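Colleague: I'm new to reading protein models. Could you walk me through one, feature by feature?

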Amino acid sequence: MKQDSPQRLTEEKPAAGRSVPVLVPMPAERPYSYAVPGDMCVEPGSIVRVPLGPRQVAGIVWDGECEAIDPRKLRPISHVFDCPPIDADMRRFIDWIAAYTLSPPGMVARMILRAPEAFDPEPWVEGLQATGAGPDRLTAARTRVLELAANGMAWTRSGLSHAAGVSSTVIDGLKAQGVFETVMIPPRPVVAAPDPAYASAELTGDQEEAARMLRDSVAADRFAVTLLDGVTGSGKTEVYFEAVAAALEEGRQVLILLPEIALTQAFLERFQDRFGTKPAEWHSDVAPRKRERVWRQVAEGGVRVVAGARSALFLPFKELGLIVVDEEHDPAYKQEDRVFYNARDMAVVRGHIGGFPVVLASATPSVESRVNASQGRYARAVLHARFAEAALPSIRAVDMRRSPPARGGFLSPMLLSHMRETLERSEQSLLFLNRRGYAPLTLCRVCGHRFQCPSCSSWLVEHRFRGQLQCHHCGHAEKRPEACPECGTLDHLVACGPGVERIAEEVVGQFPDARTIVLSSDILGGVKRLRLELEAIANGEADIVIGTQLVAKGHNFPNMTLVGVVDADLGLANGDPRAAERTFQLLSQVTGRAGRTGKKSLGLLQTFQPDHPVMRAIVSGDAEAFYEREIDERQKAGLPPFGRLAGIIVSAATRAEAEGHARGLRRAAPPANDIHILGPAEAPLALIAGRHRFRLLVQGERAADMQAYLRRLLATGPKIRGSVRVQVDVDPQSF
Ligand code: ADP
Ligand code: ZN
């Protein structure tokens, strides 16, 4: 039975003829005005349905006054949902993000309104409850049913038959005899309430000190950011669970952000071990119906802890009191689609608006967070060593100039011999290469033809398992031909360079009896299959794992004692000022997969630049040296966080249009003392999915008002015409 949704009842009936601003999920700069029918009650934050052109859309009643429009010309609000209103903090958060990222507020609001079925209350369902009457005779099956129902609890018919292990006709029979009656039961919580005292860990000295800092910041109940900085395996999760427990004790809700939540199922189990129940999950792989129930129960306060991807920041928490951002340095926190935002930074903003603490955890913090900590804006809690007996792996660079692989191979004799020894000890090896597919480039040995994507400026990547050549930027895929399309020669196409599939081929050739698994995000079977494979690896059901960055993060593989990085230089080549930081983080994380349980472990970096500062920092384990140097260089160059940056990407169907518009913007740039513009230049990827891209970089001093400048620039620049599109990326990931 679906309940009617009664309209919200408030004390005051609005005067007839009232109108309110409503923010609709559209790229509109301002809320639109709507008339409020005389018998309808709305307040700022109410979720409503309004007509928009020929459609009906959900929107949020906004703050402030309507534009001066004759109320008789306004269209009326169609419906008010029976749903807790979006609170003032969340509305300020939306406005803040819109202003900071230069996005239309409606597009930010859209991220909140992503669970349309949740705006109406969840329906109650029909259930059965024991009346106290006895059945005409008892059977074993009936006894099991009656035992379950004896405490007066109401069950659904299917739930009861399932729990008792009887066919539902048994239950129908009992109902016919009056043993059960029909009752309505409220929606089931998506997760049970976590118990902060369920099973607390005994913390080490370092951990206890860090946990005390976090608990104190929760108790202080005001905005503060703590950077929880500790090597992989030092117990950061254990420590921030103490902050979660403290917030739960205060009656507050908690949000834990994780970069790859869909793949970190082990995290949910650890949470359950500590709090007696799993947290509610929020990410794109949660089924729509489930997402809607989570949304609703977060809004009503029934869900106390959410573990989610970056989009969980836009859940309408009723009483949020703590956000933890785990792996705060992770590039996955940056959304580069429609609204360009970094969830780590926005979590800090959300804490500031809500007046509650935020914890940023990482073994390899971002340079930004390290600087914030050293300048006193953030507190810093440090865990110095791995927990218990576990020692960090020792790390060595393999100089590929001196120890080259055999012809046609990519693995050095040194790495192969360590893999052999690891196999003999029945321990696991991980080979890491951040490149999907078989080979990043295919060319014809006869005429030199290279296979390029027809709509991007990138080479096609061969995927041999699928027999395809694929573009990793637009998804274009074609069958790998036998003959060269240019000169027609048969069987002379060669693969250049390795991807994980090609490394797997080499490994199988070298170790035919080893159990080998290849893991990359394009694995057949999707997330479900990936989860199973990760579990299998953790359970020791593989000897050699070959994977892309998705195996680098957060996983705990107890028997893994060797990590080989096939091409440690890969990320350093692209000329981006953030390349060193990213490579340092990725190499630390991936080598950190080894040696989780006290066995001796080793990380080998295959490199042509063993003297590069990043390699030296990783090999010596001297992270401080790396950060000092990196921070110093950023400071000298005025790069973030010592200066501000924004990218303006101009794209269009033709190169001339894109370049013309970008040049027009550059010419229109208003002069400023503390801001200057670089470019336009072709964007790092000059052509994606048939769109040509040019980029301007706007660089400013730390104190510069970047947003005001960008707004002026876009307003004075040329009108956007034809196929031109302009996207602003404040605080770009790569620059
Ligand atoms: P990090 O998040 O820093 O990588 P974890 O919190 O995952 O570290 O801890 C690494 C391992 O050590 C986990 O298996 C965890 O259960 C264990 N561990 C850490 N601290 C403790 C503790 N105080 N008591 C028991 N086990 C701990
Ligand atoms: Zn493409």
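Modeller: Let's go through a strand, a group of cysteines, a ligand and a helix residue.

Modeller: First, this is a predicted model, where local features need pLDDT of at least 70, side-chain atom pairs count only at pLDDT 80 or more, and totals for chains, interfaces and linings use all residues. Residues are numbered from 1 along each chain as its sequence is written, and chains are lettered from A and ligands numbered from 1 in the order in which they are written.

Colleague: Which way do the residues of strand S18 point?

Modeller: In a regular strand, side chains alternate between the two faces of the sheet. Strands (E, at least two residues) and helices (H or I, at least four) are DSSP runs, numbered from the N terminus. In S18, Gln-428, Leu-430 and Phe-432 point one way, while Ser-429 and Leu-431 point the other way. All of these are buried (20 or more other C-beta atoms within 10 Å of the residue's own, placed from the backbone; exposed is 12 or fewer, partly exposed in between).

Colleague: And which strands does S18 pair with?

Modeller: Pairing takes at least two DSSP bridges between two strands. S18 runs parallel to S26 (residues 560–565), with five bridges, and there Phe-432 is partnered with Val-565. S18 is also parallel to S25 (residues 544–547), through four bridges, where Leu-430 has Val-545 as its bridge partner.

Colleague: Which residues does UniProt list for "binding site"?

Modeller: The unreviewed entry gives Cys-444, Cys-447, Cys-484 and Cys-487. They spread over 44 residues of sequence, yet cluster in space, with a largest C-alpha distance of 8.6 Å. A caution: UniProt positions are given in the numbering used here, feature names are shortened, and annotations may be inferred rather than shown by experiment.

Colleague: Is Cys-447 buried or exposed?

Modeller: Cys-447 has 12 other C-beta atoms within 10 Å, so it is exposed. Leaving aside neighbours within four places in sequence, Cys-447 is in contact (C-beta atoms, placed from the backbone, within 7 Å) with Cys-484, Glu-486 and Cys-487.

Colleague: How many residues surround ligand 1?

Modeller: 15 residues do, with Gly-235, Lys-236, Thr-237, Glu-238 and Phe-387 the closest; a residue is near if its C-beta atom, placed from the backbone, lies within 6 Å. Helix H7 (residues 236–249) gives the largest share of this shell, three residues.

Colleague: Where does Ala-715 lie?

Modeller: Ala-715 lies in helix H19 (residues 706–716). Ala-715 counts as exposed because it has 9 C-beta neighbours inside 10 Å.

Notes. Two residues are in contact if their C-beta atoms, placed from the backbone, lie within 7 Å.
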